[in-house]
Amino acid sequence: MDVVMSDVLATVDNSDTNYVCKMFETPKLKKKHHIINYEPIIQPGNEGLLHHMVVSYVIKYGAFSSFLAGYETTCDNNGENYKEEYLNFIAMWAVGNSGAALPNITGLPIGGTKYTELLVLQIHYDNPELLQGVRDSSGMRFYLTPTLREQDTGILLTGVFISFWMMIPPQFDLLTVRGFCYGGCTDDVGTLTLSMLFTLLRY
């Protein structure tokens, strides 16, 4: 299953950064399947523009309710077109990462009645040279199996959301940023045993 852009405008005039989102319908899978592997598809020549990619399920339609599969728009987490609280991340890629092959006991669930039929691909394009008119068809490729593995897997986000308050002031050699998870974050979860398969650092 390929989730890719369709010749979108990756660069915006006089801007060194751009976020683009595209909506997709999931395959019509009546029964749950497992994603067992995913990898990036990067358009040749655009390697220097891609900063990171995220593929998510829509779990709360909100602003997405009027969007159709194939809809593309400039988006960021501060805009009306994209809100991370509406989404459940299923795959991420950043520079230096080649994708993920999951262990044979686990897979990412997709299909069936529990999961929505709408996916969102977000790509962050980094354009420090202020290139103009560059178009892109990059994205992600997923490998699915109908043979369910022993366990479902998922993505846990941790850390502090990036903001302008994190800028290092002039003349400072070191700036420490701390994040805290209070009990309200985990009270509803109960006791869990988590096995970490891999990590992805996004900066």
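1. Start with Asp 7 and Arg 135: in this predicted model, their side chains meet in a salt bridge, 3.4 Å from N to O. Asp 7 sits in the loop between β1 and β2, and Arg 135 belongs to strand β11, so the contact ties together parts that are 128 residues apart in sequence. Asp 7 comes out as partly exposed at 42% relative accessible area, and Arg 135 is partly exposed as well, at 39%.

2. Searching the whole structure turns up 3 salt bridges. One of them joins Asp 2 to Arg 141, with 2.7 Å between the closest N and O atoms. Here strand β1 (Asp 2) gets tied to strand β12 (Arg 141), because the two residues lie in parts 139 residues apart in sequence. Asp 2 is partly exposed, with 39% relative accessibility; for Arg 141, also partly exposed, the figure is 30%.

3. Then there's Asp 152 with Lys 32, a salt bridge whose closest N and O atoms are 3.0 Å apart. Asp 152 is in strand β13 (residues 151-152) and Lys 32 in the loop between β3 and β4, so this pair bridges parts 120 residues apart in sequence. Asp 152 is partly exposed at 40%, and Lys 32 is partly exposed at 27%.

4. On the aromatic side, the structure has 1 pair. Tyr 38 and Phe 142 make a tilted arrangement, 5.9 Å centre to centre with 40 degrees between the planes.

Key. Residues numbered from 1 in each chain as written. Predicted model: local features only at pLDDT ≥ 70, side-chain atom pairs only at ≥ 80, totals over all residues. Heavy atoms only, no water. Phe/Tyr/Trp six-rings, centres within 6.5 Å; stacked < 30°, edge-to-face > 60°. Salt bridge = Lys/Arg side-chain N within 4 Å of Asp/Glu carboxyl O. Helix = DSSP H or I, 4+ residues; strand = E, 2+ residues; numbered from the N terminus. Buried < 20%, exposed > 50% of the residue type's maximum accessible area, 1.4 Å probe, protein only.
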